Amino acid sequence: MTFAGSHILSIGQFEREEIERIFQVADQMKPYAQRQRITHVLDGAILGSMFFEPSTRTRVSFGCAFNLLGGHVRETTDIASSAIAKGESLYDTARVLSGYSDVIAMRHPQSGSVSEFASASRVPVINGGDGANEHPSQALLDLYTIKNELISRGHEGIDGFRIALIGDLKFGRTVHSLCKLLTLFNNVTVHLVAPEELKMPEDIVDQMRRAKLTVIESDSLEQGIGKVDITYSTRIQEERFSSQEEADLYRGRYRLNQAIYTRYCEPNTVIMHPLPRDSREGANELDNDLNDNPNLAIFRQADSGVLVRMALFVLILDVVDQVDEYSRKVRWYTKSRF
Ligand code: NCD
């Protein structure tokens with residue numbers, strides 16, 4: 001695919017070399033994300049940030065990424081205060097709002113909605129999560145994090161690594177996109193740990209098997225996390241269940257804490273989670289007692305979101321070769337936060 005002017009709707013649209021290109025550009029964004037330099041390459045550009053479902057990291061990191069490139073962000077955050085509440089179609093909203101921005105990042109509770117919106121948009125649209133379907137930029141930042149964590153532990157790269165995906169694999173859009181992304185790599189082993197009712201959709205499992213990944217399904221956390229390089233826990237997506245009572249049947253089913261980690265994981269196993277982790281008593285899928293464990297990568301993962309989203313913007317808006325030209329050193333006091 002050509003990046004310039006493209007929508008980013010599904011992780012399935014990428015080839016491996018495009019993923020590598022995104023990661024290379026993300027690395028180039030470090031001096032800007034780390035506040036050593038600032039760039040104005042997107043001076044005057046407007047990001048339409050439209051999040052019609054709760055979001056902290058994805059919404060704010062898309063916005064910050066755009067700001068760090070010198071662009072402005074115009075936010076619409078809830079359906080109730082937008083014309084969608086008056087019965088306006090996605091088509092009309094897309095036609096109108098795409099006249100006001102240069103690129104749009106969008107989240108919406110319905111599967112397929114962001115693609116529908118994109119087909120009427122006059123500017124590139126990035127899917128920030130459409131229902132239980134996909135979350136492509138999250139998969140990119142997850143894999144970028146995985147790559148960096150593996151390399152810092154002596155691996156050569158992504159090929160040949162082992163991961164356990166734990167929790168709500170039925171409704172979790174981050175794991176759907178991540179599994180599809182892993183099909184581009186060789187010799188990857190994926191342990192899927194979920195209750196029977198929340199298993200990974202069969203078409204995604206089939207896609208991984210067809211791509212020659214080793215896929216092992218179980219409902220046991222202890223079995224799943226024993227022989228992997230990465231654990232990736234997920235929140236029970238309670239907003240997608242028909243009732244809270246039904247979601248509560250599964251919240252708290254899998255809890256990873258320091259004692260379980262020490263007992264079952266290999267030393268230095270990386271701990272990931274797309275966040276937010278549900279830290280309430282009835283859930284607590286990733287305990288706070290792991291906060292001092294150096295293998296807890298969840299905040300490095302969230303930091304990577306800015307780099308990867310900056311990379312997507314400069315590639316889609318075709319300014320990747322001008323970022324440094326429009327830059328200078330920062331004037332204020334900064335301290336590395338990475
Ligand atoms: C995830 C999402 O919204 O799909 N969060 C995120 O974007 N980092 C995961 C979740 O909400 O559980």
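These legends go with close-up views of a predicted model.

Local features are kept at pLDDT of at least 70 and side-chain atom pairs at pLDDT 80 or more, while totals for chains, interfaces and linings use all residues. Numbering starts from 1 along each chain as its sequence is written, and side-chain values use heavy atoms, with hydrogens and water left out.

View 1. The shell around the ligand is made of Thr58, Arg107, His135, Gln138, Arg173, Thr174, Arg235, Gln237, Pro274, Leu275 and Pro276; a residue gets in if one of its heavy atoms lies within 4 Å of the molecule. Sorted by class, that gives three nonpolar, five polar and three charged residues. Here Ala, Val, Leu, Ile, Met, Phe, Trp, Tyr, Cys and Pro count as nonpolar, Asp, Glu, Lys and Arg as charged, and the others, Gly among them, as polar.

View 2. The cut-off for a polar contact is a pair of N or O atoms within 3.5 Å. For Thr58, an N or O atom in the side chain is 2.9 Å from a ligand oxygen. Taken alone, the ligand exposes 310 Å², and the protein buries 94% of that (Shrake-Rupley method, 1.4 Å probe).

View 3. On a 1 Å grid over the protein atoms alone, a pocket is an open set of points with protein on both sides within 12 Å along at least five of seven lines, and lining residues have an atom within 4 Å of a point. Of 37 lining residues, Thr56, Arg57, Thr58, Pro274 and Leu275 are the closest to the centre. Elements giving two or more residues are α3 (57-68), α6 (136-152), α7 (173-182) and α12 (298-316), with α12 supplying the largest share, seven. These are DSSP runs numbered from the N terminus: helices (H or I) of at least four residues, strands (E) of at least two.

View 4. One cavity of 30 Å³ or more turns up, a cavity being a set of points where a 1.4 Å probe fits but cannot get out. The largest cavity holds about 70 Å³ of space. Its lining includes Gly167, Tyr250, Arg251 and Glu285.

View 5. The peptide bond from Leu275 to Pro276 is cis, with omega near 0 degrees, and Pro276 lies in the loop between β10 (270-272) and α12. Asn187, in the loop between α7 and β7 (189-193), has a positive phi near 60 degrees though it isn't glycine.

Notes. A polar contact is a pair of N or O atoms within 3.5 Å; within protein, one must be able to donate a hydrogen and the other to accept it, and residues adjacent in sequence count only if both atoms are side-chain atoms. Grid points are joined across faces, edges and corners, and a volume is the space filled by probe spheres set on the points.
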